[in-house]
Amino acid sequence: MPGAVPAGIRAVAAENLIASAVDLECASGNDQSFSHSPMRRTARLLPQMMPGTDFITSGYSATPNYDNMFAGSNVDAEDFDDFNTIQRDLQIDGGLRHVNESEILAARSRAGRALQAVFAYLDLPAITDAEIEAAVYAHGSRELIPRDVLEDLKGAQQVMDRGVTGLDLVKALESTGFSDIAENLLAVLRQRVSGDLLQTSAIMTRELQPLSAVNDRNDYAGPGTGYRPTGARWEEMKRLRHVTSAENPELEVE
């Protein structure tokens, strides 16, 4: 709706900034999709980036647009490199960072193995090694191996009928050799039970501890007073991938 009326995007940007300034929100914008125009999508980001609040948007889609079932996102997997470059250009930390391909493939593979193990532990429709291999290298769902939808629906009904909970998933992960993932999931479940993440303007730290308007006072006082990347994080943001050597164009600069 805002994108369909004169000055609508400007009004929403102002509303989001006010909400962040008075501690009603943790970000100066959101990632809701409103246009397929690359120029308009970027233009919408700028008033969210310039105020200098700690968080630019409330999320970033890690899937291609066609796979985003949550109404689409203004930025998605197609925009990773551009978004990292914009962060560098404007010295604004949008939370993205380059990750080596080998690390991504390893993480995807282990996630697939963990899911395969949980399905087997709970006696749900099996996930094959071929499906994991396809998922590791796939860009999106169009490159995955089709599954038996009827069997998966039966499996979903079994989960409901048997009353499977998050703790059952923790047990499955722990029992099948994925203790670190089990520990992380248990920490998330603890936070869901405590409800602290539902506090006004709440976020979770790397240690899964909540910061919110209740225990972390908002000291944002307008442009220039918010978070600006410095030190190691700023140096990391400067190092874009796919930058080639001036002496050897075939060589990427680390």
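## The largest pocket

Helix 3 (80-90), helix 4 (101-121) and helix 5 (129-137) each contribute at least two residues to the lining of the largest pocket, and helix 4 gives the most, with four residues; helices here are DSSP runs (H or I, at least four residues), as strands are (E, at least two), numbered from the N terminus. The structure is a predicted model, in which local features need pLDDT of at least 70 and side-chain atom pairs count only at pLDDT 80 or more, while totals for chains, interfaces and linings use all residues. Residues are numbered from 1 along each chain as its sequence is written, and side-chain values use heavy atoms, with hydrogens and water left out.

The volume of the largest pocket is about 940 Å³, and its lining comprises 28 residues, of which A62, A77, F80, I104 and R108 lie nearest its centre. A pocket is an open set of points on a 1 Å grid over the protein atoms alone, where a 1.4 Å probe fits, with protein on both sides within 12 Å along at least five of seven lines, and lining residues have an atom within 4 Å of a point. Because domain 1 (2-90) and domain 2 (101-211) both give residues to the lining, the largest pocket lies between them. By class, this lining has 13 nonpolar, eight polar and seven charged residues.

## I104

I104, which is found in helix 4, is partly exposed, with a relative accessible area of 36%; partly exposed falls between buried, under 20%, and exposed, over 50%, for a 1.4 Å probe and protein chains only. The C-alpha atoms of I104 and K171 are separated by 26 Å, with the two residues 67 apart along the chain.

## The second largest pocket

The second largest pocket holds about 770 Å³ of space. Its lining is made up of 22 residues, and D54, F55, G94, G95 and I203 are the closest to its centre. The lining of the second largest pocket divides into 10 nonpolar, six polar and six charged residues. Domain 1 (2-90) and domain 2 (101-211) both give residues to this lining, so the second largest pocket lies between them.

## Helix 8

Helix 8 (residues 179-194) has 16 residues and reaches 23 Å from its first C-alpha to its last, close to the 22 Å expected at 1.5 Å a residue, the expected span being 1.5 Å times one less than the number of residues. Its buried residues are A182, A187, L189 and Q191, and these pack against helix 7 (166-175), strand 1 (203-204) and strand 2 (210-211), where contact means heavy atoms within 4.5 Å. After helix 8 comes G195, whose phi is positive, near 80 degrees.

Definitions and conventions
Grid points are joined across faces, edges and corners, and a volume is the space filled by probe spheres set on the points. Ala, Val, Leu, Ile, Met, Phe, Trp, Tyr, Cys and Pro count as nonpolar, Asp, Glu, Lys and Arg as charged, and the others, Gly among them, as polar. Domain bounds come from an automatic or database domain assignment.
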